[in-house]
Amino acid sequence: MKWEFNSTVSDRAYIVQFHTERTHWTMATERELVEHPRIGTDVERVLDAITAAAEGLSNVARDHSAEGLAKAGVARVPSITGPYRLLSEAARREANHIESETIALYTPRHPDDSDPAMRVARAAWWRSLSMPQRLDAAKRDLAVAQAVVEFGKAGSGLPDEVFDRMHRDMATEQLAARILRDTSMRTEPTVDEPLGGTPDIATARKNAAGKLDRLDGERALLARVPNLLGNIITATSLMTGETREDAFKRLSA
């Protein structure tokens, strides 16, 4: 029975290829996933498991019929099941962590002595303005942006894209303010400000925006895990000669 397998590593991806009499199949996994600081080990383990199982089949393929090789593939599934489950669990935990952190950063954080009635009045005042005035007021005053975000997109009267941008700006300013509170970040002396030493809001904003960008990148990277798991299911089905549904049941049992 023909069963050929090879794996290569490039600058961008880990590549696994299966070749049978009827199938030529390639799975590529981004290096970013393998090198991820929290789930990378689990990604590497499941890739190692698939590689070992497929390599084992390729070593005995010529001694088996199609039916015998499928049975040999089924016998190797347990070595894949554990890593598959661990990756699924790790990716789920990481996604939940990112979601919780994102929600915390994008939720308006009013001062402890903030008056809810004042926030309602501030949002009502904001809605009385013209559109350019609304955008300017939200940009100039964090408290205004927080009040508008608190009462939601529907009540803002803004297009979705504009509201989302304002929401992100609010999160950036809010995080920058927290960074300034929690650190001793101060400006360096310059020709225009020879003494320096004032709160460095520009750097705080840059760091805050970078934090939000990193969360976006993490979310996008984790969104690739389901595709990887789907590829593991396909690889398993090729080794066992079963449908993807049956392979999924074996991996999930």
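**Salt bridges and strand pairing in a predicted model**

Arg168, Asp213, Asp216 and Arg219 are linked in a network of salt bridges (a salt bridge is a side-chain nitrogen of Lys or Arg within 4 Å of a carboxyl oxygen of Asp or Glu). This is a predicted model, in which local features need pLDDT of at least 70 and side-chain atom pairs count only at pLDDT 80 or more, while totals for chains, interfaces and linings use all residues. Residues are numbered from 1 along each chain as its sequence is written, and side-chain values use heavy atoms, with hydrogens and water left out.

Q: How many salt bridges does the structure hold?
A: The network of Arg168, Asp213, Asp216 and Arg219 is built from salt bridges. For the structure, the total number of salt bridges is 17.

Q: Which residue forms a salt bridge with Arg224, and in which strand does that partner lie?
A: The closest N and O atoms of Arg224 and Glu30 are 3.7 Å apart, and the two residues form a salt bridge. The pair links distant parts of the chain, 194 residues apart, with Arg224 in the loop between helix H10 (201-222) and helix H11 (225-240); helices (H or I, at least four residues) and strands (E, at least two) are DSSP runs, numbered from the N terminus. The partner is Glu30, and its strand is S3 (residues 24-30).

Q: Is Glu30 buried, partly exposed or exposed?
A: Buried means under 20% relative accessible area, exposed means over 50%, and partly exposed lies in between (1.4 Å probe, protein chains only). The relative accessibility of Glu30 is 29%. Glu30 therefore counts as partly exposed.

Q: Which parts of the chain does the salt bridge of Glu218 and Arg38 tie together?
A: Glu218 and Arg38 form a salt bridge whose closest N and O atoms are 3.1 Å apart. The two parts are 180 residues apart in sequence. They are helix H10, which holds Glu218, and the loop between helix H1 (31-34) and helix H2 (40-60), which holds Arg38.

Q: Where do Lys153 and Asp164 lie?
A: The side chains of these residues, Lys153 and Asp164, meet in a salt bridge at 3.2 Å, N to O. Eleven residues separate them, and the pair links distant parts of the chain. Lys153 is in helix H8 (residues 153-156), and Asp164 is in helix H9 (residues 160-182).

Q: In which sense do strand S1 and strand S2 pair?
A: Two strands pair if DSSP finds at least two bridges between them. Strand S1 (residues 3-9) and strand S2 (residues 13-20) have seven bridges, and Val9 has Tyr14 in S2 as its bridge partner. The strands form a hairpin with three residues between them, and the sense of their pairing is antiparallel.

Q: Which strands are the edge strands of the sheet?
A: The open sheet has three strands in the order S1-S2-S3, with antiparallel pairing. An edge strand here pairs on one side only. The edge strands are S1 and S3.

Q: At what angle to S3 does H11 run?
A: H11 lies across S1, S2 and S3. Axes are lines fitted to C-alpha atoms, for helices over the stretch in contact (heavy atoms within 4.5 Å), and angles run from 0 to 180 degrees between N-to-C directions. The angle of H11 to S3 is about 150°.
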